[in-house]
Amino acid sequence: MGLSVLDGKVVWRVLVGNAVHVAWGWLMFTGSLFATPTGNLVDFALLPDPLYTLSLGANALVLTGFATWYKGGRALFKREGVAVVAALLMFLGTFLASRYVSVLFGNPTALVEVMAGLLTGAGAGMFLLLWGETLVALGTRDCAVYFAASSGLAALAHIALGLLPIGWVQVLVLAFPLMELVLYRSQVSRSMLLLSRTNHEGQDSPGLPKDVLALGLFFGFSFGAMRGFAATDGGPDADGVRLVVGMAFVMAACVWAYFAVSRRKEDFGSLAYRIALPLVALGFLLLPLSGAWSLAGTAAYRFGYEYIYIVLWSLWVFFAGREGASSVWLVACGLASMQASKLVGFVLSADAMSLMAPTFDLQIASGLALFGTVLFAVFSKGIAFSAEGWEGVRPASETPVHEDGVFPEQSYKAAAERFALSPRETDVFLLLIRGYSRARIAKELVVTEETVKSHVKGIYQKTGVHTKQDLIDTVERLR
């Protein structure tokens with residue numbers, strides 16, 4: 001039984017807590033709810049949107065620090081302490097970015113804006129990893145499902161709060177970090193939720209999966225570039241209509257991802273190449289147009305990017321289980337690289353649009369971005385992935401871990417006994433359920449691949465299935 005079944009209250013707190021965190025970020029940096037009345041206080045031509053840029057930079061640095069710390073298998077510091085520090089930093093940074101600074105202390109200075117960016121970024125990076133730790137403990141499929149659900153909830157909250165006066169919204173956003181802290185400490189950390197059995201101190205981590213790292217870098221850079229290209233036109237979410245349309249299509253992407261992962265059980269390749277990347281390309285194509293076409297570009301860009309984000313979270317969990325890596329280390333590396341590339345893409349594109357205009361207009365920029373997206377998709381799709389690749393793997397084939405951090409082998413041994421599997425067939429069966437390839441099983445059990453192939457054939461005969469996915473589906477129905 002997975003964690004989502006064993007402790008539903010904990011999972012709901014994870015869902016709501018991550019939703020609060022995502023909504024906080026969107027309300028802070030999407031639209032103009034926290035824009036200063038007199039514009040950017042930091043007067044530096046090559047630093048577009050200083051609050052967002054500084055926060056994103058601090059976020060990437062904090063996540064890089066966590067990734068470096070975890071590299072040697074070192075355990076996380078006391079989680080409740082990290083949560084308290086993160087909430088305080090986010091609260092102080094949000095306050096410094098709000099209008100209440102000028103109400104209480106007079107007109108803010110450039111230093112206040114710098115501190116607001118750095119504090120929000122550092123705190124958000126800490127809490128992002130804490131909520132990420134709880135999400136990946138659910139396993140590949142449930143991580144995708146609950147991440148999509150929390151993102152959809154955050155988008156709905158963004159639309160609803162956007163109807164309120166700015167002053168009220170800022171008060172509510174100020175309370176979000178404290179809400180996260182209460183949810184995390186009261187439900188999550190007290191339940192002693194761990195990532196996986198591989199996240200213990202003293203275990204070194206393998207190399208990063210290059211395919212997933214490339215997809216994350218592409219996602220971050222292109223997302224930042226999209227925001228930077230649109231910055232000269234007020235941003236893709238500058239007006240209320242665009243913001244509502246964008247958030248509505250975020251929710252649509254989350255609903256579609258849920259059905260693709262849970263119902264249709266599509267593989268990672270289909271999720272990335274048939275749905276997400278074409279929509280990203282469509283967003284770049286329609287961005288420079290006017291009227292309804294530009295609005296459609298916003299919808300496509302939001303849908304495509306949210307979809308890629310959900311796929312990335314699933315892939316991090318998948319590779320952590322397949323490679324025996326620390327999930328939190330892999331997530332920290334993925335998030336750090338993604339946030340850093342997002343920062344680079346945003347700064348470069350915004351500076352290019354502001355410094356090279358009018359010779360370098362939005363249509364040229366959009367065309368280059370569209371070409372880059374297609375080139376990335378064609379090049380990465382053309383790579384001959386090995387049997388250990390991720391394209392043909394379904395999120396449903398990766399089973400969640402138990403709440404104590406140990407893979408729930410006991411819950412599947414009853415199924416092995418029901419099918420009268422031999423002891424060695426049971427060993428192979430348990431690894432097949434985890435999504436391991438035959439080569440990985442042979443290495444794990446120290447036998448030849450021919451021996452594994454023979455055992456797999458016997459397992460399929462006794463269970464009446466023909467493929468690994470059929471076996472997983474059969475066992476899941478029995479559970």
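Visitor: Which helix does L156 lie in?
Guide: L156 lies in helix α7. Helices here are DSSP runs (H or I, at least four residues; strands are E, at least two), numbered from the N terminus. Before going on: this is a predicted model, where local features need pLDDT of at least 70, side-chain atom pairs count only at pLDDT 80 or more, and totals for chains, interfaces and linings use all residues. Residues are numbered from 1 along each chain as its sequence is written, and side-chain values use heavy atoms, with hydrogens and water left out.

Visitor: What makes the nonpolar surface patch?
Guide: W12, V16, L153 and L156 make a patch of about 380 Å². Patch residues have over 30% relative accessible area (Shrake-Rupley, 1.4 Å probe, only the protein chains shown counting as cover) and no salt bridge, with nonpolar side chains (Val, Leu, Ile, Met, Phe, Trp, Tyr) joined within 5 Å and like charges within 9 Å.

Visitor: Which elements give two or more residues to it?
Guide: Those are α2 (8-29) and α7 (140-161).

Visitor: Switching topic: how do α16 and α18 cross?
Guide: The axes of α16 (residues 423-433) and α18 (residues 449-463) come within 9 Å and cross at roughly 85°. Axes are lines fitted to C-alpha atoms over the stretch in contact, with angles from 0 to 180 degrees between N-to-C directions. That makes α16 roughly perpendicular to α18 (the class for 65 to 115 degrees; under 35 is roughly parallel, over 145 roughly antiparallel, the rest oblique).

Visitor: Which residues make the contact?
Guide: From α16, R424, E425, V428, F429 and L432; from α18, V452, H455, V456, G458, I459 and K462. Contact means heavy atoms within 4.5 Å.

Visitor: And salt bridges, how many?
Guide: The structure holds 2, counting a side-chain nitrogen of Lys or Arg within 4 Å of a carboxyl oxygen of Asp or Glu. One of them joins R424 and D427 at 3.2 Å, N to O. These two are 3 residues apart in α16, so about one helical turn separates them.

Visitor: What about phi at A420?
Guide: A420 has a positive phi of about 60°, although it is not a glycine. A420 sits in the loop between α15 (410-418) and α16.
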